[in-house]
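We will go from stop to stop together.

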Amino acid sequence: MSGTHQLAVGWAVRFRGEAPSPDVLRRHVRARLADLPTLTHRVEEGLGPRPCFVPVPDLDLRQHVHDLLMTDPREQWQNCLQEVLMQPLPAAPRPPWDLWLIHGYTDVTGLPEYVLVFRINHALEDGAGHHHLLRTLFTPRVAPQRSPGVQDTPPPADSGGRVSSRAVLGIMSDVARSLRGSGTWSVLRRPPTGKLATAVGTVQTRRLLAVSRALGTDVSAVFLTVLTGAMRAVALAEKERPAPLTLLWPLSVRTGGERGAVGNILTMVRLRLPCEEPLPLRVASLSRQLEPGRVERRMHTSRALMRRAPRPVSLGTLRLLMRPRHASLTGTYFPAAVPQPVLGEARLDGALGLGAPLPGQLCHLTLLRYRAECALSVVHDTAFARGADLPGLWLTALAELEAVV
């Protein structure tokens with residue numbers, strides 16, 4: 001599946017049941033707009049280093065909510081996404097987001113179903129914001145919520161969290177490494193074409209949970225251990241010597257009152273994928289890097305620095321952490337918790353995340369866990385043709401890990 005690079009991120013979900021009409025879907029979205037400020041703002045360049053979020057009154061949802069009729073059979077619902085991902089996001093002065101209703105196709109079961117694909121400019125919303133939007137749209141409403149709006153001014157300094165000296169040293173180390181590049185993988189240093197493709201693989205959640213219990217770690221570490229094996233296979237297929245690979249791992253630093261706030265409220269951690277190491281050492285290395293206390297200190301410290309440091313300093317630090325020279329890949333794991341998700345009479349029965357490589361990168365990977373299934377989505381520049389093979393290589397590496405635990 002391919003499309004044009006535009007830093008559009010979001011999600012796709014499958015519903016079992018008859019599809020609503022586009023007008024019904026638009027009315028459903030409009031009824032929840034008051035709780036979803038990311039859908040009513042556009043991005044403008046500010047005078048300083050921070051983008052400016054401008055409210056857009058009188059939103060015309062016909063320009064944002066579309067339907068796409070497909071009548072040919074599909075082996076997997078994920079195969080319906082290609083035509084949507086090739087479309088540009090709405091241009092200014094409209095907010096840069098869209099929601100597509102894909103219906104009319106048949107799968108192997110023959111039962112009625114449809115797919116919703118949501119995309120938005122990454123400047124307006126991060127992964128935690130996606131989750132808030134998903135819950136707000138599809139959880140039955142019991143009471144109106146208060147919109148968090150746009151964070152024009154930072155919270156009081158004492159709301160930032162604790163500062164850990166070890167975490168500060170970790171941030172400084174990551175910034176220093178961002179100036180030195182990310183290794184010698186020639187397959188990931190090719191010039192981007194600007195054309196993106198998407199590949200998807202799925203696995204039963206119980207398999208990942210069983211491995212994590214056997215190793216005494218969590219699903220994040222299992223995901224990255226298996227990804228390390230898959231990237232090692234890529235290096236061997238490209239006749240390169242497997243070497244350590246750097247990956248950006250986003251961490252949300254939102255507080256409870258910022259769940260739906262406009263913008264990116266996150267930090268980045270630099271992780272080392274030990275592709276050159278034998279399997280037991282890969283497990284130990286990634287479990288150590290993702291040790292819960294270490295991650296928690298980094299989140300609290302990053303939150304505190306974002307609130308207390310001068311804004312040019314905090315934004316400049318984050319931009320250095322996200323430099324494409326700093327890491328060849330971006331990866332994330334997200335467990336989606338959507339209680340009783342429904343839309344009319346249909347029930348939500350499948351989900352995947354849609355990331356985007358940072359400018360200068362060639363690949364972004366998302367493992368989204370929803371109930372009994374985890375979906376790995378790989379969004380890659382076509383310059384990195386091996387990206388299409390990554391879901392299969394990842395599943396092969398998972399089977400190899402299962403065989404030794």
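What follows is a tour of selections, each with a note on what is there.

**Before you click**

This is a predicted model, in which local features need pLDDT of at least 70 and side-chain atom pairs count only at pLDDT 80 or more, while totals for chains, interfaces and linings use all residues. Residues are numbered from 1 along each chain as its sequence is written, and side-chain values use heavy atoms, with hydrogens and water left out.

Colour by pLDDT, the predictor's confidence in each residue on a scale from 0 to 100. The protein chain averages 86, and 86% of the residues score at least 70. Now select 142-147: the pLDDT there is below 50, and beyond near neighbours in sequence this stretch has 6 contacts in the model (a contact means heavy atoms within 4.5 Å). Residues 152-160 also fall below 50, with 14 such contacts.

**Stop 1: the six-stranded sheet**

Helices (H or I, at least four residues) and strands (E, at least two) are DSSP runs, numbered from the N terminus. Two strands pair if DSSP finds at least two bridges between them. Select the open sheet of 6 strands, in the order β5-β6-β7-β2-β13-β12, with mixed pairing. Its edge strands are β5 (65-69) and β12 (342-343), each pairing on one side only.

Within this sheet, pick β6 (97-103) and β7 (113-121): they run antiparallel and are joined by 6 bridges. Show L101 and you will find L116 in β7 as its bridge partner.

Helix α1 (22-31) lies across β5, β6, β7 and β12, at about 140 degrees to β6. Helix α3 (127-138) lies across β2, β7, β12 and β13, at about 30 degrees to β2. For these angles, axes are lines fitted to C-alpha atoms, for helices over the stretch in contact, and the values run from 0 to 180 degrees between N-to-C directions.

**Stop 2: β14 and its partners**

Select 363-370, which is β14: 7 of its 8 residues are buried, meaning under 20% relative accessible area with a 1.4 Å probe, protein chains only. β14 pairs with β11 (329-335) in the parallel sense over 7 bridges, and G331 stands opposite L365. β14 and β15 run antiparallel, joined by 8 bridges; here L367 stands opposite L376. The hairpin of β14 and β15 has 2 residues between the strands, and R371 takes a positive phi near 55 degrees.

**Stop 3: S377**

Stay in β15 (373-381) and show S377. Is S377 buried or exposed? S377 counts as buried because its relative accessibility is 1%. A polar atom of the S377 side chain lies 2.4 Å from the backbone oxygen of G353. Leaving out residues up to four places away in sequence, S377 touches A199, V200, L352, G353, L354, H364, L365 and T366.

**Stop 4: L247**

Jump to β9 (245-252) and show L247. L247 is buried, with a relative accessible area of 0%. Beyond its neighbours within four places in sequence, the contacts of L247 include L224, V269, A327 and G331.

**Stop 5: helix α8**

Finish at 292-308, the 17 residues of α8. Its buried residues include V295, R298, T301 and R307.

Note on methods:
Buried < 20%, exposed > 50% of the residue type's maximum accessible area, 1.4 Å probe, protein only. Polar contact = N/O pair within 3.5 Å; in protein donor to acceptor, adjacent residues only side chain to side chain. Expected span 1.5 Å × (residues − 1).
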